[in-house]
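Biologist: Hello! I am new to looking at protein models, and I would like to learn how to read one feature at a time. Could you show me the structure and guide me through it?

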Amino acid sequence: MRAASTSRLLDLEELVPESARSARNHQSRDSEDLAAQLFASLNTQLPGVPAALLDSSDHARTEQPARSAHSILAFSFGAQAATVSHLKGQTSVTTPAGTTEAQQPFFSWLAENWSRPADQAAADGDPDQPPRDTPRFALGWVGWLGYELKRESGSADLAGTALEQSGLPTQEASLFRATHAVVIHHGTGQLELQCLDPSTESDWEEQVIRALARPVPAGSAARRVEGGDAAPQGTAAVQDVAVRDSRSTYLAAIQAAKREITAGNSYEVCLTTAVTGTLAPGHASGVDLFAVLRARNRAPFTAFLSIGETEILSTSPERFLSVSAGGTVRSEPIKGTRPRGATTAADRAMIEDLRTHPKDRAENVMIADLVRNDLSIHAVPGSLRTERLCAVETYPSVHQLVSTVSAQIPDEVPRARVVADAFPPGSMTGAPKISTMEILQRLETGARGPYSGVAGYFSTNGAADLAVLIRTAVLTGTPGARRFHLGLGGAITADSDPAEEWEEIRTKSRGVLEALGAAFPDSAPEASR
């Protein structure tokens with residue numbers, strides 16, 4: 001997949017001519033929303049093009065600026081554009097020349113099309129490159145891998161199981177080749193322009209300059225939401241909201257999961273359900289809805305992806321796996337949640353309760369141990385490290401308990417194999433992973449789709465950075481008939497209280513639903529399993 005490409009690092013002031021600077025508010029250009037503003041402008045210039053914004057939307061507020069140092073805007077157009085989709089063992093690749101299909105596992109295809117180039121060793125010592133353990137974007141493949149790819153990681157579909165697919169994409173994974181990109185380096189105020197075809201470098205720079213020069217309308221939907229309004233244009237963006245499982249049905253599934261734990265078949269079962277709906281008239285733009293979610297729920301792995309008719313709108317705080325060009329792999333599983341308090345004192349009390357609660361710490365430690373096992377499969381002996389355990393991180397709507405595990409992988413190990421052996425995220429399955437996924441296949445009443453899968457990039461330099469798709473809305477369907485899907489879940493342990501677990505589902509839904517003017521449907525119809 002390695003091809004000639006260009007990369008140019010420029011200051012924002014160098015990119016924007018004086019005439020454009022005078023036409024655009026300087027504070028707006030340098031604001032924390034530059035990435036979203038630039039992406040929206042470029043997306044307008046490139047309608048229908050596969051596109052992604054992998055955005056550290058919390059970069060101006062985070063206590064960990066190194067993790068939120070960059071935002072990536074990626075697009076696929078021109079002679080080298082390509083998209084890849086996968087469904088149940090069949091991988092399809094579409095280019096300007098047409099579509100080819102092959103019976104091939106997805107991770108096998110990825111291994112053939114993403115690897116560490118032989119000349120990367122020299123670049124690892126380049127003082128202009130980031131540290132050896134830090135992933136760096138360099139074009140490549142961008143997209144999402146859905147949870148149902150678990151069949152390639154040792155959890156086959158159970159015979160006779162038919163899961164509801166309402167509102168989900170038909171694909172199980174979807175990627176595009178990033179032919180053009182902008183990387184915003186928040187700490188230095190620089191923009192890095194990348195393009196796969198060197199002959200298009202000047203055209204791409206001009207296109208980015210035009211997008212930067214376009215003023216952002218005052219009083220945009222995102223700014224109104226951050227100022228307190230619930231939804232764009234003062235109306236609910238999602239209608240016909242329904243929860244897949246009634247409260248009694250979900251509580252019964254929790255009790256069944258606890259019986260599996262008592263029987264010794266699992267230690268922790270990450271049970272999920274979903275809220276579905278349709279987009280209200282006048283709210284067909286996924287980019288606009290994403291701006292609303294982004295403003296309300298800033299996080300290090302905020303992401304918008306548009307490939308075909310599917311749009312992913314994610315405000316994820318969780319890193320599934322990063323791989324640096326130098327071979328450092330890092331995972332940051334989240335397990336344990338509390339809502340924000342109404343006052344400073346109440347907020348501090350929530351933090352302290354989360355930090356010290358035995359059940360939440362047990363959940364987190366079990367998943368950290370599972371991640372250690374996943375990374376140890378390929379780790380250089382002695383390199384596996386737990387960098388932090390059960391640390392509290394705070395976000396606009398919740399507090400979360402987070403751990404960080406890292407390891408070094410040998411150069412000769414295929415990087416796609418490392419990703420496959422850690423997939424799906426352990427924080428979304430439970431432990432042990434394989435037997436617990438089989439339990440989930442029996443207990444859950446619908447497919448998960450992109451939710452609890454991952455999204456991010458696989459770069460030509462051998463690096464990757466993938467976030468867990470939580471706090472994620474999925475939009476599918478044709479214009480005028482867009483469907484909405486929001487996955488929700490929680491970890492069930494032996495001492496879980498079913499009523500409290502249901503309340504956790506409601507808490508997790510608020511960050512997305514309230515931003516879109518919707519509410520969790522407490523009056524869901526009771527249904528038998």
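Biologist: Which element supplies the largest share of the lining of the largest cavity?

Modeller: Keep in mind that this is a predicted model. The element you are asking about is β24, with five residues in that lining. Other elements supply at least two lining residues each, including β12 (268–279), β17 (334–339) and α15.

Biologist: Which residues does T493 touch?

Modeller: Leaving aside residues up to four places away in sequence, T493 touches K258, I261, Y267, E268, K359, E363 and M366. The side chain of T493 also makes a polar contact, at 2.8 Å, with the side chain of D495.

Biologist: What about the helix that holds K359 and E363: which of its residues are buried?

Modeller: In α12, K359 and E363 are both buried, and others include I367, L370 and V371. Helix α12 covers residues 358–376, and its 19 residues reach 26 Å from first C-alpha to last, close to the 27 Å expected at 1.5 Å a residue.

Biologist: Now for strands. Which residues of β4 are on its covered face, and which on its uncovered one?

Modeller: The general idea is that side chains in a regular strand alternate between the two faces of the sheet. In β4 (residues 83–87), V84 and H86 are on the covered face, while T83, S85 and L87 are on the uncovered one.

Biologist: Which strands pair with β4?

Modeller: One partner is β5 (residues 90–95), which pairs with β4 in the antiparallel sense over five bridges. Here T83 stands opposite T94. The two strands form a hairpin with two residues between them, and K88 in the turn has a positive phi of about 50 degrees. Strand β8 (residues 173–178) also runs antiparallel to β4, joined by four bridges. The bridge partner of H86 in β8 is A173.

Methods
Residues are numbered from 1 along each chain as its sequence is written. This is a predicted model: local features need pLDDT of at least 70, side-chain atom pairs count only at pLDDT 80 or more; totals for chains, interfaces and linings use all residues. Side-chain values use heavy atoms; hydrogens and water are left out. Buried means under 20% relative accessible area, exposed over 50%, partly exposed in between (1.4 Å probe, protein chains only). Two strands pair if DSSP finds at least two bridges between them. The expected span of a helix is 1.5 Å times one less than its number of residues. A polar contact is a pair of N or O atoms within 3.5 Å; within protein, one must be able to donate a hydrogen and the other to accept it, and residues adjacent in sequence count only if both atoms are side-chain atoms. Contact means heavy atoms within 4.5 Å.
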